[in-house]
Amino acid sequence: MIEDIFVQGGGDCPEATLQGIKLALEAAQPRSFIYVFTDASAKDPELLDSVLELIQRKESQVVFVLTGDCGDENSVAFQCYQRISQASSGILIRIMKNRVL
């Protein structure tokens, strides 16, 4: 299914990533795996608590593949990914864009 994904646009930094995670969790079956591919920090960290609540309720796991962070891995927006990963027993993978095939 991943081969069918079409990517276009871009250039936004940060992105509305937590909104996307929230929508995915709302639509997902319990105990689902949610995969997040992004090259930017989250511009919507105010959604963190609702995302964490959904993770707990759905018992889902969130896996991140990060190829960027808008230049500030110490920002609250980037740290949201770490908190979500930890809360969901997920994984946070950081990889350079030129290493992605």
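First, the conventions. The model is predicted, so local features need pLDDT of at least 70 and side-chain atom pairs count only at pLDDT 80 or more, while totals for chains, interfaces and linings use all residues. Residues are numbered from 1 along each chain as its sequence is written, and side-chain values use heavy atoms, with hydrogens and water left out.

I start with the core. A nonpolar core here is a set of buried Ala, Val, Leu, Ile, Met, Phe, Trp, Tyr and Cys residues joined through side-chain atoms within 4.5 Å. Buried means under 20% relative accessible area, exposed means over 50%, and partly exposed is in between, with a 1.4 Å probe and protein chains only. The largest such core has 20 residues, and those with the most contacts inside it are Leu-18, Ile-21, Phe-64 and Ile-84. The elements that give it two or more residues are helix 1, strand 1 (33-38), helix 2 (48-58), strand 2 (61-66) and helix 3 (76-87). Helix 2 gives the most, with 5 residues. Helices (H or I, at least four residues) and strands (E, at least two) are DSSP runs, numbered from the N terminus.

What does Ile-84 touch, leaving out residues up to four places away in sequence? The list is Leu-18, Ile-21, Leu-48, Val-51, Leu-52, Ile-55, Val-62 and Phe-64. Contact there means heavy atoms within 4.5 Å.

Next, the rings. Rings of Phe, Tyr and Trp (its six-membered ring) pair if their centres lie within 6.5 Å; planes under 30 degrees apart count as stacked, over 60 as edge-to-face, and the rest as tilted. The structure holds 2 aromatic pairs. In the pair of Phe-78 and Tyr-81, the ring centres are 6.0 Å apart and the planes stand at 75 degrees, so this one is edge-to-face. Both residues are in helix 3, 3 residues apart, which separates them by about one helical turn. Ring pairs link Phe-64, Phe-78 and Tyr-81 into a cluster. Phe-64 has already come up among the core residues with the most contacts.

Now the charges. Side chains of opposite charge can pair when their charged atoms come close. The criterion for a salt bridge is a side-chain nitrogen of Lys or Arg within 4 Å of a carboxyl oxygen of Asp or Glu. The structure holds 3 of them.

One joins the side chains of Glu-26 and Lys-22, at 3.0 Å from N to O. These two are 4 residues apart in helix 1, about one helical turn. Glu-26 is partly exposed, at 40% relative accessibility.

Another is between Glu-53 and Arg-57, with the closest N and O atoms 3.1 Å apart. Both residues lie in helix 2, again 4 residues apart and about one turn. Glu-53 is partly exposed at 38%, whereas Arg-57 is exposed at 53%.

The remaining bridge is formed by Glu-59 and Arg-31, where the closest N and O atoms are 3.1 Å apart. Glu-59 lies in the loop between helix 2 and strand 2 and Arg-31 in the loop between helix 1 and strand 1, so the pair ties together parts that are 28 residues apart in sequence. Arg-31 is exposed, at 59%, and Glu-59 is partly exposed, at 48%.

Glu-59 also matters for the backbone check. Its phi is positive, about 55 degrees, although Glu-59 is not a glycine. Ser-89 likewise has a positive phi, near 55 degrees, in a residue other than glycine. Ser-89 is found in the loop between helix 3 and strand 3 (91-94), and is exposed, with a relative accessible area of 57%.

Last, the surface and the chain end. Ile-2, Ile-5, Val-7, Phe-33, Tyr-35 and Phe-37 form a nonpolar surface patch with about 730 Å² of accessible area together. Patches take residues with over 30% relative accessible area and no salt bridge, joining like charges within 9 Å and nonpolar side chains (Val, Leu, Ile, Met, Phe, Trp, Tyr) within 5 Å. The areas come from the Shrake-Rupley method with a 1.4 Å probe, and for residues only the protein chains shown count as cover. Val-7, in the segment before helix 1 (17-27), counts as exposed at 70% relative accessibility.

Lys-97 sits in the segment after strand 3. Lys-97 and Phe-37 are 60 residues apart in sequence and 11 Å apart in space, C-alpha to C-alpha. Beyond residues up to four places away in sequence, Lys-97 touches Asp-39 and Thr-67.
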